[in-house]
Amino acid sequence: RDGAHRAAYIENLRRAAARCAQEGRRLVIEPINTRDMPGYLLNHQREAHALVAEIGEPNLKVQMDFYHAQIM
């Protein structure tokens with residue numbers, strides 16, 4: 001994956017999570033399978049959970065979508 005895209009995604013998630021936290025809200029990301037959305041940046045649950053751990057914002061969560069997970 002392109003490092004610049006990933007870096008921009010992480011920075012945007014950090015900002016969005018911080019803003020959501022100010023309002024007492026959660027921010028949810030969802031991995032999408034490559035069959036339905038070729039080129040989508042986030043495809044696997046493990047990638048999403050690694051990003052959440054890297055970002056470290058307690059209100060940033062991962063949506064578990066069994067449809068996308070079983071395809072991947």
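# Exercises on salt bridges and helix packing

A search through the whole structure turns up four salt bridges (a salt bridge is a side-chain nitrogen of Lys or Arg within 4 Å of a carboxyl oxygen of Asp or Glu). Keep in mind that this is a predicted model, where local features need pLDDT of at least 70, side-chain atom pairs count only at pLDDT 80 or more, and totals for chains, interfaces and linings use all residues. Residues are numbered from 1 along each chain as its sequence is written, and side-chain values use heavy atoms, with hydrogens and water left out.

## Exercise 1

Find the salt-bridge partner of R6 and work out where the two residues sit.

Solution. Step one: R6 pairs with E54, and their closest N and O atoms are 2.8 Å apart. R6 belongs to helix 1 (residues 3-22) and E54 to helix 2 (residues 45-55), so the pair links distant parts of the chain, 48 residues apart. Helices here are DSSP runs of H or I with at least four residues, strands are runs of E with at least two, and both are numbered from the N terminus. Step three: check the surface. R6 counts as partly exposed because its relative accessibility is 35%, and E54 is also partly exposed, at 39%. For these labels, buried means under 20% relative accessible area, exposed over 50%, and partly exposed in between (1.4 Å probe, protein chains only).

## Exercise 2

Look at E11 and R15: how far apart are their closest N and O atoms?

Solution. Step one: the two form a salt bridge, with 3.2 Å between those atoms. Step two: they are four residues apart in helix 1, so about one helical turn separates them. Step three: E11 is partly exposed at 33%, while R15 is exposed at 55%.

## Exercise 3

Now try R35 and D36: is each one buried, partly exposed or exposed?

Solution. Step one: their side chains meet in a salt bridge, at 3.9 Å from N to O. Step two: R35 is exposed because its relative accessibility is 56%. Step three: D36, at 36%, is partly exposed.

## Exercise 4

Describe how helix 1 packs against helix 2.

Solution. Step one: know what to look for. Two packed helices are described by the angle between their axes and the distance between the axes. Step two: here the angle is about 60° and the axes are 10 Å apart. The axes are lines fitted to C-alpha atoms, for helices over the stretch in contact, and angles run from 0 to 180 degrees between N-to-C directions. Step three: that makes helix 1 oblique to helix 2 (under 35 degrees is roughly parallel, over 145 roughly antiparallel, 65 to 115 roughly perpendicular, and the rest oblique). Step four: list who touches whom. Helix 1 brings R6, Y9, I10, L13 and R14, and helix 2 brings L51, E54 and I55; contact means heavy atoms within 4.5 Å.

## Exercise 5

Find out where E30 lies and which residues it touches beyond its neighbours within four places in sequence.

Solution. Step one: E30 is in the loop between strand 1 (27-29) and helix 2. Step two: at 21% relative accessibility, E30 is partly exposed. Step three: beyond those neighbours, E30 contacts Y40, L42, Q63, D65 and H68. Step four: take L42 from that list. E30 and L42 are twelve residues apart in sequence, with 7.5 Å between their C-alpha atoms.
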